[in-house]
Amino acid sequence: MILNPNQTMVTEFVLEGFSEHPSLRLLLIGCFLTLYTMALIGNIVIIALVTSSNGLHSPMYFFLCNLATMDIVCTSSVLPKALLGLVSKENTIAFKGCMAQLFFLVWSASSELLLLTVMAYDRYVAICHPLHYSSRMSPHLCGALALGVWSICALNASINTGLMTRLSFCGPKVITHFFCEIPPLLLLSCSPTYVNSIMTLMADAFYGGINFFFTLLSYGYIIASILRMRSAEGKKKAFSTCSSHLIVVCVYYSSVFCAYISPASSYSPERSKVTSVLYSVLSPTLNPLIYTLRNKDVKLALGRLLSSFSH
């Protein structure tokens, strides 16, 4: 960090968390602990099913496995510290710890958005070009797409985190959130945040704009293709293969748009906390349930896995 001689370097921040609602502390502890446990178990089960079941060795489930991994990273970067803050009197976080949390959160959240777009493209090829599916979605291409998602988003997280470490923080040091996030951190900086704001807007435009457009475009073609099908059974089967993903897209994008697609000047701590719970806690918990309950292949694989443990 660059500091003037009269400025004191902030070595730790205080996370406000939900301290303004002390009566809800026990309820929040119970809810967060339950959701975190469900998110971990659900996503680990998805990864175990995809890696161990031959019937799930297809591009769709390969990307689902990547999504489950990022769900674990996302919720694990936020909830353990949030739970610790709810049970302790003072919820402090070291500057380096704050930057680490920011990196993993940005990396996982942006990776999920890109993965949802890749999964939408996968469904587009499967429904609109079924005869060319195996050649278009080759293992080599799937591996390259996954590696590209992880790398691009790691670079995005590194740039945003690196720019944050260059800012001066000379007090106050209370982050009006339950984890380290870009908007409330920028409000605490006592040095110019112009470059950070520009990079945040560029990331918003890419992930929330261009990325979202390609997801919508894929589903536009998918819906048009389904409507052209003559067989009612064919329509039902085609829709069932992408309905789970469509639900996940709607839940995740709606929460992310509420949390991030707004200028830093109009930042609202209360609104940000609620929307952040949606994408960092609720979405990683619901994703495995949505894919398990609405997917016959996953339910069959889960049944076989459970029966193997019972014998």
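1. Helix α7 covers residues 194-228, 35 residues in total, and spans 50 Å from first C-alpha to last, close to the 51 Å expected at 1.5 Å a residue. The expected span is 1.5 Å times one less than the number of residues, and helices are DSSP runs of H or I with at least four residues, numbered from the N terminus. At F212, α7 bends by about 25 degrees (the angle between axes fitted to the seven residues ending there and the seven starting there).

2. A word on provenance: this is a predicted model, where local features need pLDDT of at least 70, side-chain atom pairs count only at pLDDT 80 or more, and totals for chains, interfaces and linings use all residues. Residues are numbered from 1 along each chain as its sequence is written, and side-chain values use heavy atoms, leaving out hydrogens and water.

3. There are 18 aromatic pairs (Phe, Tyr or six-membered Trp rings with centres within 6.5 Å; stacked under 30 degrees between planes, edge-to-face over 60, the rest tilted). F104 and W107 sit 6.2 Å apart with planes at 55 degrees, so this pair is tilted. F104 is partly exposed at 37% relative accessible area, while W107 is buried at 14% (buried is under 20%, exposed over 50%, partly exposed in between, with a 1.4 Å probe and protein chains only).

4. Y252 and Y279 pair edge-to-face, 6.5 Å centre to centre and 80 degrees between planes. This pair links α8 (residues 232-260) with α9 (residues 269-293), 27 residues apart.

Methods
Helices (H or I, at least four residues) and strands (E, at least two) are DSSP runs, numbered from the N terminus.
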